[in-house]
2 protein chains.
Amino acid sequence: MARPSEEGLIASYFAPLAGPGALGLADDAALLAPRPGRELVLTVDALVEGVHFLSGDPPHTLGAKALSVNLSDLAAKGSDPVGFLLALALPDSWTEAWLAAFADGLGAAAAAAGCPLLGGDTVRARGGLVLSVTALGDVPEGRMVRRTAAQPGDRVCVSGTIGDAVLGLDLLTGPEPAWSAALQPDGRDRLVRRYRQPEARLALAGALRDLASAAMDVSDGLVGDLAKMLRASRVSGEIDLALVPFSEPASCALTADPNLRDRLVCGGDDYEILFTLPAGRLPEMRRRAEAAGLAIREIGCVTQGMEPLRILDRGRPCRLTAASFQHF
Amino acid sequence: MARPSEEGLIASYFAPLAGPGALGLADDAALLAPRPGRELVLTVDALVEGVHFLSGDPPHTLGAKALSVNLSDLAAKGSDPVGFLLALALPDSWTEAWLAAFADGLGAAAAAAGCPLLGGDTVRARGGLVLSVTALGDVPEGRMVRRTAAQPGDRVCVSGTIGDAVLGLDLLTGPEPAWSAALQPDGRDRLVRRYRQPEARLALAGALRDLASAAMDVSDGLVGDLAKMLRASRVSGEIDLALVPFSEPASCALTADPNLRDRLVCGGDDYEILFTLPAGRLPEMRRRAEAAGLAIREIGCVTQGMEPLRILDRGRPCRLTAASFQHF
C-alpha cells in the first residue's frame, strides 16, 4: 500500500493536534507570543525504543507517554503548559494504523493538558523508533521552582505512589514474577498502566510554585533522584523508607516478596513529584493537593552539609541493595 | 576505560556551551525570559546517522551541522537566535574523544551564532546516532517571515550557490564520479565542506524581515522546495534553471557532465535561503545582502493560480529527470 508523503502525513495525523502558533504546521517554524509577565520553562526528553519503552507498547499509550514525561518536568517546575514540538524518527516498518493510534494518544494527552503541538520533524530511523519532545511551559516571572534550592530544615515530600511503574515493567518483561500471584484481579492492569501511561501531576504546579522550596520529577528512581536534588542544592538529607507511599497492588507485591522494597524505591518511571518545603507550609500544601485530587506524603527532611543521603527504615539506618535506574 | 555518568558528561562537555537560562544544566528545565515586544520562533530538526549524515562524518563538523540546519530555519524566518535544546541518542560505541569533538564543534557554531545551549537530554540509542535540536529565535512582534505569503508578481531569489552539498555527498559515497577529475585542486574540499558544514545565512535575517514577502530554507532541493513554498502560498511560479547560481567547483563538474544539472537543482542539503519579494525591493535587498557578505540571485517569479511550477531553461520550458530529495 502506498504511504503518504511527509506533507500528507502531517496533514492527516499531526495538523489536528496543532495550536494557533503552529501555523497549521505548513511553515518551517512555529510562532509563539509569550504572555506578558511570564517566563518560559523549556524541557526536552528523548524516548528510545527498547530503552524507554517496549517495542510492544501500544502506540496510543506511547503517544501519550512521550508528552506526559515532559509535562511531568513542567509540573515539577511549577509551570503551566504552553505547547510542544515533536521530532519523530520512524523505523521503516511504520504503518498508517500505528501512526494514527500514536497521534490519537498524543492528541488526547495534549488536549487534556491544554498543551498543543507547535511544530515537528518526521524522519526515517535506522534501528528502532526514537521520539524527542520539547515542551514549553510558563510561570510568572521569577517563580520557577528550582531543583537547587532545598534548605536545611525543609521537609521532603512526594506525590502519589512510588514503584508501580517498575513493577509494571517487570510484568511486561522477563519471566512471570512470583509476587504477581498475590495481586488483586485488577492489580496487574494498574501496575502496567503506571508504566505505560504516566500522568503528569500538572494539578500540583500552582501549589508547588507557591509553597515548595525545590522540586523535580521522579523519573530515575526516588532514592537516586532525591540524592541528585540534595547534591544540586548542596545540602544533605534523610529519607525513611517506611514512609514511602505504595499503591495497593505494590503493597500486595511487597508483602509477597519483601525483597522488592529496594526495587520500588530505586526503580524508574514514577513521574511523581519530589519536593521540599518548610515544615510550616505542609498543612497548606496538603490542603491544596487534596483539592487537586492528589495525595502527598512526607518522607524525610533536609539537613545541613553534603554527606550522602541517609536512608532509614522506621528510624534506623539501613542499606539499599539496588542502584538507581539509569536511562543512559 | 570507565565512562562518565550522564551528570559527569553534562558537566564536562555540555555545561561550557550553556547560556544563563540553562541554569548550568543542573535543573530539569531551562528558563527563558522573552524580550519585550518580541515573539518567539521555534523549530526542530532531527538528524539520523545514515540518513542525514554519514557514519564517517567527523564529530566536530557534525556538532556544528546539527545546530546550523536549525539556525538556517531561524534565518529564513527573519529571526535572531535565542538558544537551543539538544536531545542526543548515543549508540553504545560512543567514546569520550568523539563526544568532546562533537561538543567542541557544536559549541563553536553556537558561539558564532550567539545561540547558547539551554537544555538537553542524553540517552542510549539502539542503532545509530540520532540528534534532535530544537532552536528558538525571536522577531519583533508580527514580523516573522512566512512560507505562505508569496504574492503573484513577486521575484523569486536564492542566496549563495546551489548543488554543492549534493556533489560533496557524491564524493563521499559510492564510486568516484567521472566529473571529479574536472575539479580544481581545492574543489573537492569545498564541495565536501558544503555537505558537512552548512552555514546558516543568519546575516540575511534582518533584510528578509524587512523586505521579503515569503521565505524558507532550501534543505530538500531547490526545485522541490520552491514548489512547496508556492503550494503553501496558493500561487504558481516559474524558475529559469539557467539563472540558478552555481559555485566554481559545481560549474566545473557541470561542464564535465551536463547531466548533473538536474541533480544540482533537486539535491538536498543546500541550506541556502529561498525567498520572494516585490521587484521594487530587489535593489535594496541586493545592497543589504552584499553588506552582509552574501550574494543573492533572482531565479524566477511568482504567478497567479496553482498550476505546477513551470521550469524553464534560458526561457524555454524544460523537464527535469531527478526528483526532489526526501529526508523522510
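**Entry 1: how the copies relate**

To compare copies, I superpose them by least squares on the C-alpha atoms of residues with pLDDT of at least 70 in both. This is a predicted model, where local features need pLDDT of at least 70, side-chain atom pairs count only at pLDDT 80 or more, and totals for chains, interfaces and linings use all residues. Residues are numbered from 1 along each chain as its sequence is written, chains are lettered from A in the order in which they are written, and side-chain values use heavy atoms, with hydrogens and water left out.

I laid chain A on chain B: a turn of 180 degrees and a shift of 0.0 Å along the axis give an RMSD of 0.0 Å. The two copies are therefore related as by a two-fold rotation axis. I then looked for the residue of chain A that comes closest to this axis and found A:G127, at 2.3 Å by its C-alpha.

**Entry 2: where chain A meets chain B**

I counted contacts (heavy atoms within 4.5 Å). 64 residues of chain A touch 64 residues of chain B. The buried area, meaning the accessible area (1.4 Å probe) that two parts lose on being put together, summed over both, is about 5000 Å² here, and carbon and sulfur atoms give 60% of it.

Next I checked salt bridges (a side-chain nitrogen of Lys or Arg within 4 Å of a carboxyl oxygen of Asp or Glu). There are 6 across the interface of chain A and chain B. I also noted a salt bridge between the side chains of B:D27 and A:K77, at 2.5 Å from N to O.

Which element of chain A gives the largest share of the side that touches chain B? I found β2(A), with 10 residues; strands here are DSSP runs (E, at least two) and helices are runs of H or I (at least four residues), numbered from the N terminus.

**Entry 3: inside chain A**

I turned to the domains, whose bounds come from an automatic or database domain assignment. Chain A has domain 1 (6-140) and domain 2 (155-317). Their centres, taken over C-alpha atoms, are 26 Å apart.

In chain A, 24 residues of domain 1 are in contact with 19 residues of domain 2. About 1700 Å² is buried between these domains, 59% of it from carbon and sulfur atoms. I counted 2 salt bridges between the two domains. I also looked up A:D57 and A:R196, whose side chains meet in a salt bridge of 3.0 Å, N to O.
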